[in-house]
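Subject: Structure handover

Hello,

Here is the structure I promised to pass on. Please open it and keep it beside you while you read. My notes follow below.

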Amino acid sequence: MTAIKHALQRDIFTPNDERLLSIVNVCKAGKKKRNCFLCATVTTERPVQVNVVKVKKSDKGDFYKRQTAWALRDLAVVDAKDAVKESPEFDLHFDKVYKWVASSTVEKNTFISCIWKLNQRYLRKKIDFINVSSQLLEESVPSGENQSVAGGDEEAVDEYQELNAREEQDIEIMMEGCEYAIANAEAFAEKLSRELQVLDGANIQSIMASEKQVNILMKLLDEALKEVDQIELKLSSYEEMLQSVKEQMDQISESNHLIHLSNTNNVKLLSEIEFLVNHMDLAKGHIKALQEGDLTSSRGIEACTNAADALLQCMNVALRPGHDMLHAVKQQQQRFSDLREQFARRLASHLNSVFVQQGHDQSSTLAQHSAELTLPNHHPFHRDLLRYAKLMEWLKNTDYGKYEGLTKNYMDYLSRLYEREIKDFFEVAKIKMTGTTREGKKFATLPRKESAVKQETESLHGSSGKLTGSTSSLNKLSVQSSGNRRSQSSSLLDMGNMSASDLDVADRTKFDKIFEQVLSELEPLCLAEQDFISKFFKLQQHQSTSGTATNEVEEVDGVALSRSYTSGVPQTVSSEKDMIRQMMTKIFRCIEPELNNLIALHFFFNSLYMLVKMSHHVWTAQNVDPASFLSTTLGNVLVTVKRNFDKCISNQMKQMDEVKISKKSKVGILPFVAEFEEFAALAESIFKNAERRGDLDKAYIKLIRAVFDSVEKVANESQKTPRDVVMMENFHHIFATLSRLKISCLEAEKKEAKQKYTDHLQSYVIYSLGQPLEKLNHFFEGVEARVAQGIREEEVSYQLAFNKQELRKVIKEYPGKEVKKGLDNLYKKVDKHLCEEENLLQVVWHSMQDEFIRQYKHFEGLIARCYPGSGITMEFTIQDILDYCSSIAQSH
């Protein structure tokens, strides 16, 4: 290693003015072993710079080359891996961590020690040496500057040492006294020797004088020791004298401790007694109120409430450990339990009697409402019972069994009372809805026009024409067709009991008002009862702030019903909400069946009104409380109404499919087409601004598709009226209806109806008009055939069958008089096919006129091209055709 060190110094570091102080043979950890050397060096020039240099043997020869150098001031951490066990591994933390494995532990330790010394001498910076043995690190650095840096075999770092200030001053004084020392060194040395001898003699005399002083000091110490012995004897005697006093003081201290302990125990005992007396003593007034208090007067109820609260506080007091073992405490607790049981029994009995008494009073007023469509007001009953609300809360907290019994008795009684009231109420509603009117006939029919329907709708909706709140009136939809349509076929909307056309404006208005009044009476009744139950029985009606409520919309038969789910709400809150719902369901168990029975009495068009009405009330109830009994019940009834509505739509579609037409009369506008028009017109007025618009749109789509299919079916089966006429008239009527009503969901069907009408109008015109100039048409067909075979148009007149003479013969067969006669017969034929209701005769006749003129122009064009300069023309002109058509239309 020494040879390598000298070689490196000579070849690498001496040319760079550096001195090599320590070297270690290393390789990188965890990789293929390729040895290199780490060298600690210093520069020979000032200021001194300390480096750690990596030297590697060249691959092309035996010489070494300098690969990497790091300044020692950049070194942050030296990690020797283990301070106890010998390990060749160590890490140097420069800009990154370099992991090395030395060839031997000795070399590693020597290198780390050199690094430490260099840091202490030149840098004095904070380099962390971790996992390094303390033996490798010097405790201090000598102040002199001629110390060895790396080892004994190394030269002194600095050959010249500067004198400090004191040394310089001494030498100057000495030199001033011996100016000749510079010229005569021997004389100067002899003088120094003499002075040294004098100094030694003075030292010896000083030592001899000190010995005398020491002897004197020893004598003084002996005297001091004798004094100390005398003081110790006196202290021993004093201690014997104080021993008896100490025993007496110990006895007094022990007595004082016992007295203090007794006082502390007495104070604690007094505190416990005061606690029990203050918290477990019930006033005589409270006891008397619990035993004999008047539960009928407001003052007595208040006194009983205060006494019950005081009793509950006494029973719920948190006793300290050991209190429950005291006989007096046990007696007091038993007394409280007896008072609680006695008062709970008396309170439950009284409340049951109040329920019965209130029931008799309520039944007595029931007869007053039997002839009116109103429900009895339970507010006085609720007001009287709410005085006992705090006592019910007390009973719930102290005796849940009796509380539960009262709850069951209240539900049993109220369910019977409400069942009588609600059934009587619905009986009155049914009588008012199905009562006799207009000379004893039910729902007498009065013809009306569309303007009357519109006027009725506006009057029922109010001046604004909008549905507002629960007081908005809805129309009952009815279809009233013209007399000739009803005479041709039976109504497709007959539901088996009574035709929808049997409902006139007044009856529908009455139904709407009665149905609205039924819902308006039921809603406040249910809400008031639910609010009373939550207050009287102390149940959580709404969710607490600690919980998070989420509403989920569930669709049943196309009806969106809101369901409420609670997350994070305590179990008691959820169970109390369920209890309110169960109580309301039992008390008002007859509402849903009665509403369904009322709905079953009425028919298709009333289901439209009921769908809108029920949807509005369900929407209002769900905004108040989505999980309430009222919201759930009305939602279930809405599902029934929606099912009835869907069933009516399905029956209507089925009857469209089964319609039969007369074989002897022309078809005209089909009954179900006219009925769809009136259905859509009135439905649009009913569903204006309604919440259930989506249901109507779905029904529109189904009905219009069924109407389209049925029209095509009837057109295919028609024998008296041409298929194109049936299609043209009915689709024209459908297009006019959809254009007038502007139903957004039927825009595609409107375009389809217009296209079908246009296509079948063109088809009918071409088919009916045919070829009015038949021979002339055959002649020119032959001409076109020759041209198609390759004969030039101007050479067609040279063909024997198509010469000018033949053309003149054919033209002479169609004078103007014959043409007019043919058009007149065509007009009569079209008039027989078309119906008067749709009034398409002039439209069809104008289209035929245009088609005839088109054929005429076509013939004139062929004559001009194939017979140029012949002067051949038709015996009538386009103006003649226009005059013929106009005069024929006016004559009819």
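Rings of Phe, Tyr and Trp (its six-membered ring) pair if their centres lie within 6.5 Å. With that rule, a search of the whole structure finds 25 aromatic pairs. One of them joins Y98 and W100. Y98 has a relative accessible area of 17%, and W100 has 2%. The cut-off for buried is under 20%, so Y98 and W100 both count as buried.

Now compare F779 and F780. Their ring centres are 5.5 Å apart and their planes stand at 85°, so this pair is edge-to-face. Both F779 and F780 are buried.

Ring pairs also build a cluster. Its members are F355, F381, Y400, Y403, Y410, F532, F536 and F537.

One caution before the rest: this is a predicted model.

Next, the overall picture. The protein has 892 residues, and 42% of them count as buried. Its secondary structure comes to 26 helices and 10 strands. Take the contacts between residues at least 6 apart in sequence: 71% of these join residues at least 24 apart. The accessible surface is about 50000 Å². Carbon and sulfur atoms account for 51% of that surface.

Then look at helix α22, residues 774–789. This helix has 16 residues. From first C-alpha to last, α22 reaches 23 Å, close to the 22 Å expected at 1.5 Å a residue. Which residues of α22 are buried? They are L776, N777, F779, F780, G782 and V783. Among the elements that cover these buried residues are α23 (804–812) and α25 (841–866). After α22 comes G790, and its phi is positive, near 120°.

Last, find E529. This residue sits in helix α13, which covers residues 505–536. How far away is the nearest side chain of opposite charge to E529? That side chain is K535, and it is 12 Å away. E529 is buried yet has no salt bridge. What does E529 touch, leaving aside its neighbours within four places in sequence? The contacts are H382, Y410, L414, Y418, M584, I587 and F588. Y410 is also a member of the ring cluster.

Best wishes

Methods. Residues numbered from 1 in each chain as written. Predicted model: local features only at pLDDT ≥ 70, side-chain atom pairs only at ≥ 80, totals over all residues. Heavy atoms only, no water. Helix = DSSP H or I, 4+ residues; strand = E, 2+ residues; numbered from the N terminus. Buried < 20%, exposed > 50% of the residue type's maximum accessible area, 1.4 Å probe, protein only. Lys, Arg positive; Asp, Glu negative; His and termini not counted. Salt bridge = Lys/Arg side-chain N within 4 Å of Asp/Glu carboxyl O. Contact = heavy atoms within 4.5 Å. Expected span 1.5 Å × (residues − 1). Phe/Tyr/Trp six-rings, centres within 6.5 Å; stacked < 30°, edge-to-face > 60°. Areas by Shrake-Rupley, 256 points an atom, 1.4 Å probe, with all protein chains shown as cover.
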